[in-house]
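Hi everyone, thanks for making time this morning. I'd like to walk you through a structure, so please have a look at it with me.

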There are 4 protein chains.
Amino acid sequence: MKIVFIQTGGTIDKDYPMIKNGYAFEIAESAVKRILQKANPNFDFEIISVLKKDSLDITENDREKIYAACQKASSDKIIITHGTDTLIETAKKLSAIKNKTIILTGSMKPEKFADSDASFSVGTAIGAINVLSNGVYIAMNGRIYPWNKVERNLETGQFVEK
Amino acid sequence: MKIVFIQTGGTIDKDYPMIKNGYAFEIAESAVKRILQKANPNFDFEIISVLKKDSLDITENDREKIYAACQKASSDKIIITHGTDTLIETAKKLSAIKNKTIILTGSMKPEKFADSDASFSVGTAIGAINVLSNGVYIAMNGRIYPWNKVERNLETGQFVEK
Amino acid sequence: MKIVFIQTGGTIDKDYPMIKNGYAFEIAESAVKRILQKANPNFDFEIISVLKKDSLDITENDREKIYAACQKASSDKIIITHGTDTLIETAKKLSAIKNKTIILTGSMKPEKFADSDASFSVGTAIGAINVLSNGVYIAMNGRIYPWNKVERNLETGQFVEK
Amino acid sequence: MKIVFIQTGGTIDKDYPMIKNGYAFEIAESAVKRILQKANPNFDFEIISVLKKDSLDITENDREKIYAACQKASSDKIIITHGTDTLIETAKKLSAIKNKTIILTGSMKPEKFADSDASFSVGTAIGAINVLSNGVYIAMNGRIYPWNKVERNLETGQFVEK
């Protein structure tokens, strides 16, 4: 089994600049690298960085780049880490790809936080990609949804069945 | 979706006694509780403690208890956390249960460790249980294996395809 | 021994809002509470929240409030957690207080981060306050400086001897 | 300022072997290295490993080695990390050294644990060594004690004034 991980940015990859004037977080290298180091995985993988953006800033042009990265990926199993605010929009864009299994996931707290849900979320996507057939899915809050069967509850932040 | 989590002990639940003479660890409450607190899951769950044992100490009688707990569980989706040394033996015992989806998982480092793989492993089991049909499976090292298609590499500690 | 801890905000107390639109952090409850829970300290303490501000936003009026809180504190040993950008300005303001031992400290990464220096920094302040006589001091980067013998290296972010 | 850190082992340095049969912890490289990496310290330091033992296993011969390491240390500021069970015995042995500032410290939970007190404890020792004059001290539970003014409460595990 080989999985291609695509970084687009979002909360999961946020870090805190150490020097000064720390008003904002910045998007650092893919959290997947650190998560897999701890996980001792028994599969091949490749991590590709396509974007380092908060998902509210992702443009249509950016989505074209993610789409292209999926098409030329060296495996038909792809996991995309993404900001949660526009995760569903990107999933919709990718739904035109029919011959791959693509799962989008993200986290509510940056992986750098001690109480982050990042390892868990990436774990759910990896567990599901072991057994899912082709299609585009979203892995959030411990659930795996086909991309067009999910919406976000704007009050709780949770992704729920539509 | 409802998942019943069954605690049997093992590395994942090990903690460090704070008072003194700290030669050994102790098996504490189920790590799943803390993992799900961070994960903000969108499913119902119940956590049942059947054993708190290192898996080398699990007896045939203990396996009967785990078997019974699976049979009377309030959901047909069951995730068992277990020490890795005899995970496969317990899976074999449970394989007589045909009408449920049972996944056994564990971790290489206790969940209490900052660099633990516990959240990741439990995540992979939860991701897989969203989509698997009935049967008994093992979720380790980022892979999901039918119970009788897996063995342990005693040098690396990894679970690999048989 | 009794220590009064005064929260003013700053990086040390920053958390990440879980709901959505996570561009910014928020200043949450005092990190000192969580640090002392892990530390099992053998001294009495009280934690007072005076401000929850990034230190660039602290006004002269805010410094008056910190000053007043020090004057009426129930112990002559006081540790103030503070954003690093204007730590020295606040220390200068407090230097008029002659009959107490006041140490200001902070961290480069929020206490919520797995790789935070917050426990370490608060530890250095507590270690020093065990033995220091009256005066106003700054505890940063593993060093204890009298307030008027320290400046910040704006390139490295470190506090260094003046 | 230069500090020499001496590793002797103990809870603070315990890790969990990843391969198998994980009944016990093992003593790994000095936790001080990782603590200082996070702390961005503004002082010179050297870390010397003299022993990697649970402190109940430290012999008179081992204490001679620690004594010798203190005598030939390249700074007169020395911090020793040590198991808590015989911390006071080692301190007594070292009390013959009159021309250095030596602080012994340790932790209740291994530094590898997410809820460890190790960074805090090492921080307290560093904070105190900035200001203490020559002598042998113990830094535990947020307190700094001269070596002969402290005893351990065997029920709570805390170090308290004698």
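I'll go through a strand, a helix, a chain contact and some charged pairs, in that order.

One thing to keep in mind throughout: this is a predicted model.

Let's start in chain A, with strand β6, residues 101–105. How many of its residues are buried? The count is 5 of 5, so to speak, a mostly covered strand. T101(A), I103(A) and T105(A) point one way from β6(A), while I102(A) and L104(A) point the other way, and buried residues are found on both faces.

Now look at the neighbours of that strand. Strand β5 of chain A, residues 77–81, pairs with β6(A) in the parallel sense over 5 bridges. If you want a landmark there, T81(A) stands opposite T105(A). To get from β5(A) to β6(A), the chain passes through helix α3, residues 87–94, in a right-handed β-α-β crossover. On to the next neighbour: strand β7 of chain A, residues 135–140, also runs parallel to β6(A), and 5 bridges join the two. Here L104(A) has I138(A) as its bridge partner. Which hand does the crossover from β6(A) to β7(A) have? This one, through helix α4 at residues 118–129, is left-handed. Do take a moment to trace it on the screen.

While we are on β7, let me hop over to chain D. There, β7(D) is joined by 4 bridges to strand β8, residues 143–146, and the two run antiparallel. Y137(D) stands opposite P146(D). The two strands form a hairpin with 2 residues between them, and N141(D) in the turn has a positive phi of about 55°.

Next, the helix. In chain B, helix α1 covers residues 31–39, and its buried residues are A31(B), V32(B), R34(B), I35(B), L36(B) and A39(B). As a reminder, an α-helix has 3.6 residues a turn, so residues three or four places apart point the same way. What covers those buried residues of α1(B)? The cover includes β1, β4, β5 and α4 of chain B, together with α4 of chain A.

Is E111(B) buried or exposed? Its relative accessibility is 12%, and the cut-off for buried is under 20%, so E111(B) counts as buried. Leaving out residues up to four places away in sequence, E111(B) touches A31(B), R34(B) and I35(B), along with I12(B), S116(B) and A118(B).

That brings us to where chains A and B meet. The contact takes 33 residues from each of the two chains. Together they bury about 2500 Å², with 56% of it on carbon and sulfur atoms. On the chain B side, K38(B), N42(B) and F120(B) lose the most area to chain A, together 25% of what that side buries. How many salt bridges are there between chain B and chain A? The count is 0.

N130(B) is another residue with partners in both chains: it touches G142(A), R143(A) and I144(A) as well as M1(B) and K77(B), again not counting residues up to four places away in sequence. N130(B) lies in the loop between α4 and β7 of chain B.

Last topic, charged pairs. Over all chains, the structure holds 44 salt bridges. One of them brings together the side chains of K109(C) and D15(A), at 2.9 Å from N to O. K109(C) lies in the loop between β6 and α4 of chain C and D15(A) in strand β2 of chain A, so this pair joins two chains. K109(C) is buried at 5% relative accessible area, and D15(A) is buried at 11%. Both belong to a network of salt bridges that links D15(A), K112(A), K109(C) and D115(C).

In chain D, K109(D) forms a salt bridge with D115(D), the closest N and O atoms being 3.6 Å apart. K109(D) is buried at 5%, whereas D115(D) is partly exposed at 26%.

Finally, what about disulfides? A search of the whole structure finds 0.

That's my tour; I'm happy to go back to any part of it.

Notes:
Residues numbered from 1 in each chain as written. Chains lettered and ligands numbered in written order. Predicted model: local features only at pLDDT ≥ 70, side-chain atom pairs only at ≥ 80, totals over all residues. Heavy atoms only, no water. Buried < 20%, exposed > 50% of the residue type's maximum accessible area, 1.4 Å probe, protein only. Pairing = 2+ DSSP bridges. Right-handed = clockwise from strand over helix to strand, strands pointing away. Contact = heavy atoms within 4.5 Å. Disulfide = S-S within 2.5 Å. Buried area = accessible area lost by both parts, 1.4 Å probe. Salt bridge = Lys/Arg side-chain N within 4 Å of Asp/Glu carboxyl O.
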